[in-house]
Amino acid sequence: LQDSAWVCKKMCADALIRAGDSALAAMRSLSSSSDPDELFWLIYVFKRSSEGRRRISELLRRTDKEVVSEAARALRDSVPEEAILPLLHCLRSESWVVRKEASESLVNAGPIAVSRIVESLAIHDSELHFWIGKILKSYQRSIYPHLSTLLYHGEVPRHLVATAMGLIADPSFEPHLSEALSDSDSVVVLHACWALQKIHPDREVKAVWGLLGLLEIEDYPVLEECALNDSSKARDAALE
């Protein structure tokens, strides 16, 4: 793999892939290398097996953006659970390429990544929220029932699940969000209102006005956004 001829390195890497698990053990020492070219071939071999992909996830924490982006790209077809958190961390990288490759791998990760992605909405970072929104909108509709189930369980904060539904803005979430308007948790109700406004921008969500007596706008900027979105209905709501 250190030969000067690229074709020789490629043929040797292909031979190592055919060698299977014994090659993974023999190449273990390369994981600590700082040579981008060596790491490129390590990733090339490791991405062909489940154990190798788990080892690639360790490279996602490197500082070299080229190595990290290559590692994230290598996991795209099959993402191990161990890689979910490192990939989410990559969404905050200074490198646009790293963020792009990580986001595409997280989309392909499917259900195993949904909970962690929703939890990341708790971090107040506009750049991170942009990429999470992009991932959520790129999911296949087969993921939606899983997301809906999270709204009824305490596995992740439920107001974040409602926020995720609002970012996707698919009408199939409307029945679940409408039911959430009766929740005992005012914060869940608030984010359900926000999500419903995203799904139907022209439809009034009356629950917003009741929240003004329960939550402080200074603590919940989303409440101000919801009220402003329905400001054309403010007079009628106040009279009522």
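Me: How many aromatic pairs does a search of the whole structure find?
Reply: The search of this predicted model finds six aromatic pairs, where rings of Phe, Tyr and Trp (its six-membered ring) pair if their centres lie within 6.5 Å, with planes under 30 degrees apart counted as stacked, over 60 as edge-to-face and the rest as tilted. Local features need pLDDT of at least 70 and side-chain atom pairs count only at pLDDT 80 or more, while side-chain values use heavy atoms, without hydrogens and water.

Me: Why is the pair of tyrosine 144 and phenylalanine 173 called tilted?
Reply: Its planes are 50 degrees apart and its centres 5.0 Å apart, and since stacked requires under 30 degrees and edge-to-face over 60, the pair is therefore tilted.

Me: What makes tyrosine 144 buried?
Reply: Tyrosine 144 has a relative accessible area of 9%, and buried means under 20% (exposed is over 50%, partly exposed in between, with a 1.4 Å probe and protein chains only), so tyrosine 144 counts as buried. Phenylalanine 173, at 0%, is buried too.

Me: Why are α13 and α15 called oblique to each other?
Reply: The axes of helix α13 (residues 186-199) and helix α15 (residues 221-229) come within 10 Å and cross at roughly 40 degrees. Angles under 35 degrees count as roughly parallel, over 145 as roughly antiparallel, 65 to 115 as roughly perpendicular and the rest as oblique, so α13 and α15 are oblique.

Me: Which residues of α13 and α15 make the contact?
Reply: With contact meaning heavy atoms within 4.5 Å, the residues include Leu190 and Trp194 of α13 and Val222 and Leu223 of α15.

Terms used
Residues numbered from 1 in each chain as written. Axes fitted to C-alpha atoms, helices over the stretch in contact; angles between N-to-C directions. Helix = DSSP H or I, 4+ residues; strand = E, 2+ residues; numbered from the N terminus.
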